[in-house]
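Please examine the sequence and the structure shown here before reading the questions.

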Amino acid sequence: MRRVCFLLKVRPDRLEEYQERHRDVWADMLSALRANGWRNYSLFLRPDGLLVGYLETDDLQAALEGMARTDVNARWQAEMAPFFEDIEGRHPDEGLLTLDEVFHLD
């Protein structure tokens, strides 16, 4: 199992709408995430738009590739792309800046 932490930047003028969209994530999107090995997935948002994501998975690349093969992910990513800065025409899940884990208590 691998713990993954990543960063993205939400446009400051879209913060409220971004949060609202995540209050009711599509059921088929949630199912696809689980089916493709995304576990213990959380998002944290700072007031300036810094988004910190955390998940656990056996293989991050396989989890991303599995999601990329789903129609629901293509629709979700297309709807979410306008919320983000600095992804240069890519889907948000293609612009994740992953961080190296340097300590874990357990």
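The questions and answers below concern helix packing, salt bridges and a surface patch in this predicted model.

Q: At what angle do helix α2 and helix α4 pack?
A: Helix α2 covers residues 27–35 and helix α4 covers residues 71–80. Their contact is made by D28, M29 and A32 of α2 together with V72, N73, R75, W76 and Q77 of α4. The crossing is left-handed. The axes lie 9 Å apart, and the packing angle is about 120 degrees.

Q: Which residue forms a salt bridge with R75?
A: R75 belongs to helix α4, and its partner lies in helix α2, 47 residues apart. The closest N and O atoms are 3.2 Å apart, and the partner is D28.

Q: How many residues apart are E85 and K9?
A: The two residues form a salt bridge, with the closest N and O atoms 3.7 Å apart. E85 is in strand β4 (residues 84–85) and K9 is in strand β1 (residues 2–10), so the pair links distant parts of the chain. The separation is 76 residues.

Q: Is V102 buried or exposed?
A: V102 is located in the segment after β5 (97–99). With F103 and L105, V102 forms a nonpolar surface patch of about 430 Å² accessible area together. Because the relative accessible area of V102 is 80% and the cut-off is over 50%, V102 counts as exposed.

Key: Residues are numbered from 1 along each chain as its sequence is written. This is a predicted model: local features need pLDDT of at least 70, side-chain atom pairs count only at pLDDT 80 or more; totals for chains, interfaces and linings use all residues. Side-chain values use heavy atoms; hydrogens and water are left out. Patches are made of residues with over 30% relative accessible area and no salt bridge: like charges are joined within 9 Å, nonpolar side chains (Val, Leu, Ile, Met, Phe, Trp, Tyr) within 5 Å. Accessible areas come from the Shrake-Rupley method with a 1.4 Å probe; for residues, only the protein chains shown count as cover. A salt bridge is a side-chain nitrogen of Lys or Arg within 4 Å of a carboxyl oxygen of Asp or Glu. Helices (H or I, at least four residues) and strands (E, at least two) are DSSP runs, numbered from the N terminus. Buried means under 20% relative accessible area, exposed over 50%, partly exposed in between (1.4 Å probe, protein chains only). Axes are lines fitted to C-alpha atoms, for helices over the stretch in contact, and angles run from 0 to 180 degrees between N-to-C directions. A crossing is left-handed if the near helix is turned anticlockwise from the far one by less than a right angle, and right-handed if clockwise. Contact means heavy atoms within 4.5 Å.
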